[in-house]
Amino acid sequence: MHSTTWGLGFYVLITLGIGYWVSRRIHSEEDYLLGGRSFGYPLAIFSIFATWFGAETCVSSAASVYDSGIAGSAVEPFGYAFCILFMGAVFAVPLYKRRLVTLGDLFEQRFSRSTAMVAVILMIPTSLIWAAAQIRAFGQVLDVNTGWGLETSISAAALIVVIYTAMGGLKADAITDLIQGILLIIGIFIVFLAVTRASGGFMASLQNVEPDRLKMFTANEGNFMDMLETWSIPICGSVIAQELVARVLAAKNVSIARNGTLIGGGLYLLVGL
């Protein structure tokens, strides 16, 4: 068996072990859904960063920029980064002060239980589709490194994610986010050094990039409304995502909720660039 496969297997075992370890410390709904509202800065920052900067970003966004240049990065990292920063600057404090458990609770407090049920029913499919994109990319990474076949790899990826999340809830996910985030940054930095060195250095690498590929907006992007739609989907669509709101609500206090979100968004933009 290839050494990479052994490495991935060991990493998966660590992930499942974290899920089991955290599961033994869950005693309430808040413990499971919000990690007991115990997130300090490291968990808050890296959970927000790694939730967005996942396999989808590394695989699909990189491919989009490879095809279209910087114009292909409207969604990732720029759109999602602005969304996270917007959440930290505008919504994090008022949402945290409401002592919500889920985003559905906001609709119940503000309107009615029936409104909350409708909102939750509408949010579930979008969360599933978003998670599916991440798992699809995760499966492709597994397939490339193991040779299991794409369908088998996607099934294995989904099973791994479901097991450790079901066992440990949000805190298990946040701890693995912290580990993944650090490893991801180190890995990308190593790849960056390797690629620029192979291209003759950083400045030589930049000189090899065609000027048209460094334009954020292209002539064939369409009219203003099309461009506005492209940017609005990640910003307006994700600012009300349960995945983001849960991590804001899981913070120890209101300062971590706000500042952790802002730092996490900034880190996402920096590493994404």
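How are α6 and α7 oriented to each other? They are roughly antiparallel, a label for angles over 145 degrees, where under 35 counts as roughly parallel, 65 to 115 as roughly perpendicular and the rest as oblique. Before you select anything, know that this is a predicted model, where local features need pLDDT of at least 70, side-chain atom pairs count only at pLDDT 80 or more, and totals for chains, interfaces and linings use all residues. Residues are numbered from 1 along each chain as its sequence is written, and side-chain values use heavy atoms, leaving out hydrogens and water.

**Stop one: α6 and α7**

Select residues 103-110 for helix α6 and 113-146 for helix α7; they pack at an angle of about 150 degrees, with axes 7 Å apart. Helices here are DSSP runs (H or I, at least four residues), numbered from the N terminus. Axes are lines fitted to C-alpha atoms, for helices over the stretch in contact, with angles from 0 to 180 degrees between N-to-C directions. Now show the side chains: L103, G104, F107 and E108 in α6 meet R113, T115, A116, A119, V120 and M123 in α7. Contact means heavy atoms within 4.5 Å. By class, this contact of α6 with α7 has six nonpolar, two polar and two charged residues. Ala, Val, Leu, Ile, Met, Phe, Trp, Tyr, Cys and Pro count as nonpolar, Asp, Glu, Lys and Arg as charged, and the others, Gly among them, as polar.

**Stop two: α1 against α7**

Pick out T4, T5 and L8 of α1 and L142, N145 and T146 of α7, which make the contact. These divide into two nonpolar, four polar and no charged residues.

**Stop three: α3 across α8**

Next, select α3 and helix α8 (residues 150-198), whose axes come within 8 Å and cross at roughly 75 degrees. So α3 and α8 are roughly perpendicular to each other. Look among the contact residues for P42, F46 and F49 in α3, and for I175, L178 and I182 in α8. This contact has eleven nonpolar, three polar and two charged residues.

**Stop four: along α5**

Jump to helix α5, residues 74-97; its end C-alpha atoms are 32 Å apart, which agrees with the 34 Å its 24 residues should span at 1.5 Å a residue. (The expected span is 1.5 Å times one less than the number of residues.) P77 sits in this helix, and a cis peptide bond with omega of about 10 degrees joins E76 to P77. After α5 comes R99, with a positive phi near 60 degrees.

**Last stop: R37**

Finally, click R37 in the loop between α2 (29-34) and α3 (41-52). R37 is not a glycine, yet has a positive phi of about 50 degrees. Most residues other than glycine have a negative phi, and most peptide bonds are trans.

Conventions: Helices (H or I, at least four residues) and strands (E, at least two) are DSSP runs, numbered from the N terminus.
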